[in-house]
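Good morning, colleagues. Please look at the structure on the screen while I take you through some of its features.

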Amino acid sequence: MKISQFYGSVKCNTMRDSKTQRLPKHLHFEHSSYMLTPSMELGEVVDSDEEEDDQESPELNNSMRQSMNRSSRRASSRRLVMEDLEEALEVKPVPGPSENGGHGSDYSKERKKAVASWIVLLLCFGVAFVVTIGLATGLSNKEDSTMKPTDVDNTSSSNPGSSITATPPPLPSESSNTSPGNSTQGEMVLYPPFGEDLDADVLRLIREDPSSPQYKANVWMMEDPYRESYPPWKQLQRFSLALRYIGFDGDNWFRNDNWMNYDIDECRWFNKNPENATYPVCDDDDGHLLVLNLTANNLNGTSPQGIHVPSLRMLDLSHNGIHGPQAVANGGGDMEVYILSNNSMTGASRTKAGAQFSKLRVLKMDGNNFNFDLKLPGSIFPALEVLNLTGNSFGPTIHPLFGQNTNLRYLGLGHNFFGGTLPTELGLLTALEELDLSGNVGLTGLVPESFGSLVNLTKV
């Protein structure tokens, strides 16, 4: 028998370094009578069925002994062959795949390393994002603290959706101790006036009455971060507007867009000036305020002293809830149109001695409750063309000084408490086109003959 045929039916177990290694399945063979054991030298054969074969078939045993004797003569050559076979059959176990498809613990370690790397990367991105946002916020705050007031588009009543409502900064309480002033009442520190050239009554209120609108407007001025960069006339203009806002309860106006906002120029604060108005809100040169129209905007309160803006040409505060006496007027300056119609104002319209309204063309005070003895000398209102005083409590008589206002085209004196006869001086109003005397039940007498000179009069 050839060695390849003999060993093709042998079941082999080999030992390497005291550890048993099993042959691969394709080299695992069996024979009914022969096997190699771990305790044998490779090439020796143990007859595992010797006793059984001796009892069952003596002839077979003899044949096997003869075959083994013949084989012993070839022992040396067979041993060499077996050594080569042993080397050829040597197989090392290969670690099988793990449940997750990897090779044992190496795959698990690699996967953990990858997950850890992603976590570290995400954390780095998060930290970088937070740092970037922090730096951007810091730079933005720094720019805001140093920027000058910016212009934004002025809003009108025709486009309320585009408004930006600004809440005025909180004023310090009366017990505040943060002001830079040096005049005190008890524990309270008062702000000094932002300017010493203000009206004497305004200065007194700033220094002595922290509850007054003048004091609060002065506080707002002193806290303005841009105040020192403004010329004196602009400081006075902003103070007068702040005083008007505080005195007329600006927080409850229907529209107060941008008012009291330090960062927005007062020419861009809410103003109902129509697009086709005679004047722009401010002039284009340096920002002098020309128009202030807050009609029907829920203004309430009394007129505070010091609200006059010298550059104004048109002021309309009609259809609001302003009550009490009118503030003392220092003069009209450039004012041409002044409208206070349909409020609840009472008392006298006060002007300082020598005050002039040389440019005033339209004066409307109708629909209030004024009740003083009205005298309008032409020297105070030389340019007056429209005077509407209907619906008040004026009386008791129509003063002859009305005749000095020779530029009047409309004179409304109806629904007051005028009585007596009409002064003949009214015949001097040769430019008069309309005269309203209705509702004055106390008027008596005949129409003066001088009225014949009123050749332009078309409606009485």
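Glu-266 is buried, at a relative accessible area of 2%; buried means under 20% relative accessible area, exposed over 50%, and partly exposed in between, with a 1.4 Å probe and protein chains only. Before I continue, please note that this is a predicted model, in which local features need pLDDT of at least 70 and side-chain atom pairs count only at pLDDT 80 or more, while totals for chains, interfaces and linings use all residues. Residues are numbered from 1 along each chain as its sequence is written, and side-chain values use heavy atoms, with hydrogens and water left out.

Which residue forms a salt bridge with Glu-266? The partner is Lys-234, with the closest N and O atoms 2.9 Å apart. A salt bridge here is a side-chain nitrogen of Lys or Arg within 4 Å of a carboxyl oxygen of Asp or Glu. Lys-234 lies in helix H8 and Glu-266 in the loop between H8 and S7, so this pair ties together parts that are 32 residues apart in sequence. Helices (H or I, at least four residues) and strands (E, at least two) are DSSP runs, numbered from the N terminus. Lys-234 also counts as buried, at 6% relative accessibility.

A second pair involves helix H8. Arg-238 and Asp-224 meet through their side chains in a salt bridge of 3.3 Å, N to O. Arg-238 is in helix H8, whereas Asp-224 is in the loop between H7 and H8, 14 residues away. Both residues are buried. Asp-224, Lys-234, Arg-238, Asp-265 and Glu-266 are linked in a network of salt bridges, and the whole structure holds 10 salt bridges.

Helix H8, residues 232–247, also contains Arg-244. Arg-244 is buried yet has no salt bridge, and the nearest side chain of opposite charge, Asp-316, is 10 Å away; Lys and Arg count as positive, Asp and Glu as negative, while His and the chain ends are not counted. Leaving aside residues up to four places away in sequence, Arg-244 touches Trp-253, Leu-292, Ile-307, Leu-315 and Leu-317, where contact means heavy atoms within 4.5 Å.

Helix H7, residues 213–222, has 8 of its 10 residues buried, so it is largely enclosed by the rest of the structure. Among the buried residues are Tyr-215, Trp-220 and Met-222.

I turn now to the sheets. An open sheet of 7 strands runs in the order S7-S9-S11-S13-S15-S16-S18, with parallel pairing; two strands pair if DSSP finds at least two bridges between them. Strands S7 (291–293) and S18 (434–436) stand at the edges with a single partner strand each, so one side of each is left without a neighbour in the sheet. Within this sheet, 3 bridges join S11 to S13, and Tyr-338 stands opposite Leu-363 in S13.

Lys-459 pairs with Glu-434, the closest N and O atoms being 3.8 Å apart. Lys-459 lies in the segment after strand S19 (442–443) and Glu-434 in strand S18, so the pair ties together parts that are 25 residues apart in sequence.

Another open sheet has 4 strands in the order S8-S10-S12-S14, also with parallel pairing.

Finally, the loops. His-319, in the loop between strands S9 and S10, has a positive phi of about 60° although it is not a glycine. The peptide bond from Gly-395 to Pro-396 is cis, with omega near 0°, and Pro-396 is found in the loop between S15 and S16.
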